[in-house]
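Visitor: I would like to learn how to read a structure like this, feature by feature. Where do we start?

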Amino acid sequence: MSDRPEHAFTAVDDQDDPSAWIDLLDRTRQEPAYSAYKQRVAELLEPSPGGTYLEVGCGTGDDALALSGRFGVAVAGVDLSSAMVEEARRRGLSKAHVASADALPFDDARFDGCWADRVLQHLERPEAALAEMARVTRPGGRVVVADPDYDTQVVAVEDEELARRVLRFRADHLLRNGTVAHRAGALFADAGLADVVVEAAPVVLRDPTALDDAMGLRTWAATAEGRGLLPAGDAEAWERALDAAVERDRFLYAFTVFLTAGTAP
């Protein structure tokens, strides 16, 4: 069992206001860098009209519904959160189910393809989820995952050493598997998937208010300091550094999303 505190997306139903995380997913889908890689995820899935596909970690169901409309396919979804599944059904994804990624409630080879977007980073056992995705996909069907890799983070502030400390905390302590994305190709091979391809999609944010203030960027140092993982004073210095970057119109936060696809045996 991981000793890292759970990210809110690992336990949405336990949050004081689950709807806030639904709103965050909606804002994320509107970010141009995110919408671009999502389109590529759909293409790597190689959907055939009339086929049936599964999204693992479907959230609000919007991506599944978009795939259905774009390619003329049937889509089901699973999510660990009952609040997310209820919202997905409300939006029109009738075949949405509450289920864990490492125990999918479907027969072998049930789907023509399967995908997961920004899910592996939240799992204790991403390899178990990939094995399940491969299991429920018919031979020759495609399995696709996309995740940010927080080993690739950069932020443009004057104090680069401070930035490295804060971003290292983000990568190593705020997510269960914040650096899994660059290892996904190896995990695909271990799961028996063939014809594995890996692509990289950069996400570059110049607006400091984008993606809910860059996913809480300002709070990371204070959180780390509160846990005793950064020295006293780093939180205040971090906020000053970010303020200075914004005031001088130098703000930049960027990372890479890795897209990995393979063929089920």
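Visitor: Is Y34 buried or exposed?

Guide: The model is predicted, so every value here is computed from it. The cut-off for buried is under 20% relative accessible area. Y34 has 2% relative accessibility, so Y34 is buried. Y37 also comes out at 2% and therefore counts as buried.

Visitor: Where do Y34 and Y37 lie?

Guide: Both belong to helix α2. They are three residues apart, about one turn of the helix.

Visitor: How many aromatic pairs does the structure hold?

Guide: Five. Planes under 30 degrees apart count as stacked, over 60 as edge-to-face, and the rest as tilted.

Visitor: Which residues do ring pairs link into a cluster?

Guide: Y150, W220, Y253 and F255.

Visitor: What sits over the ring of Y150?

Guide: The charged end of R170, 4.5 Å from the ring centre. There is another case to look at: R110 lies over the face of F111, at 4.9 Å from the ring centre.

Visitor: How many residues of β7 are buried?

Guide: Start with the general idea. In a regular strand, side chains alternate between the two faces of the sheet. Now the case. Strand β7 covers residues 253-263, and eleven of its eleven residues are buried. One side carries Y253, F255, V257, L259, A261 and T263. The other carries A254, T256, F258, T260 and G262. Both faces are covered.

Visitor: Which strand do ten bridges join to β7?

Guide: Strand β5, residues 137-155, is joined to β7 by ten bridges, and the two run antiparallel. Within that pairing, V143 stands opposite G262. Strand β6, residues 194-205, is joined to β7 by ten bridges as well, again antiparallel. There, V203 has F255 as its bridge partner.

Visitor: What is T256 in contact with?

Guide: T256 lies in strand β7. Its relative accessibility is 18%, so T256 counts as buried. Leave aside neighbours within four places in sequence. The contacts of T256 are then D147, P148, D149, T152, A200, A201 and P202.

Visitor: Which residues of helix α3 are buried?

Guide: D62, D63, A64 and L67, in a helix that spans residues 62-71. These buried residues pack against α1, α2, β1, β2, α4 and β4. Just after α3, G72 takes a positive phi of about 70°.

Visitor: What lines the second largest pocket?

Guide: There are 14 lining residues. K38, Q39, A42, D63 and A66 lie nearest the centre. The elements that give two or more residues to this lining are α2, α3 and β4. The largest share, six residues, comes from α2.

Visitor: How much space lies in the second largest pocket?

Guide: About 260 Å³.

Conventions: Residues numbered from 1 in each chain as written. Predicted model: local features only at pLDDT ≥ 70, side-chain atom pairs only at ≥ 80, totals over all residues. Heavy atoms only, no water. Buried < 20%, exposed > 50% of the residue type's maximum accessible area, 1.4 Å probe, protein only. Helix = DSSP H or I, 4+ residues; strand = E, 2+ residues; numbered from the N terminus. Pairing = 2+ DSSP bridges. Contact = heavy atoms within 4.5 Å. Phe/Tyr/Trp six-rings, centres within 6.5 Å; stacked < 30°, edge-to-face > 60°. Lys NZ or Arg CZ within 6 Å of the ring centre and 35° of its normal. 1 Å grid on protein atoms, 1.4 Å probe; cavity = no way out; pocket = protein on both sides within 12 Å on 5 of 7 lines; lining within 4 Å. Points joined across faces, edges and corners; volume = space filled by probe spheres on them.
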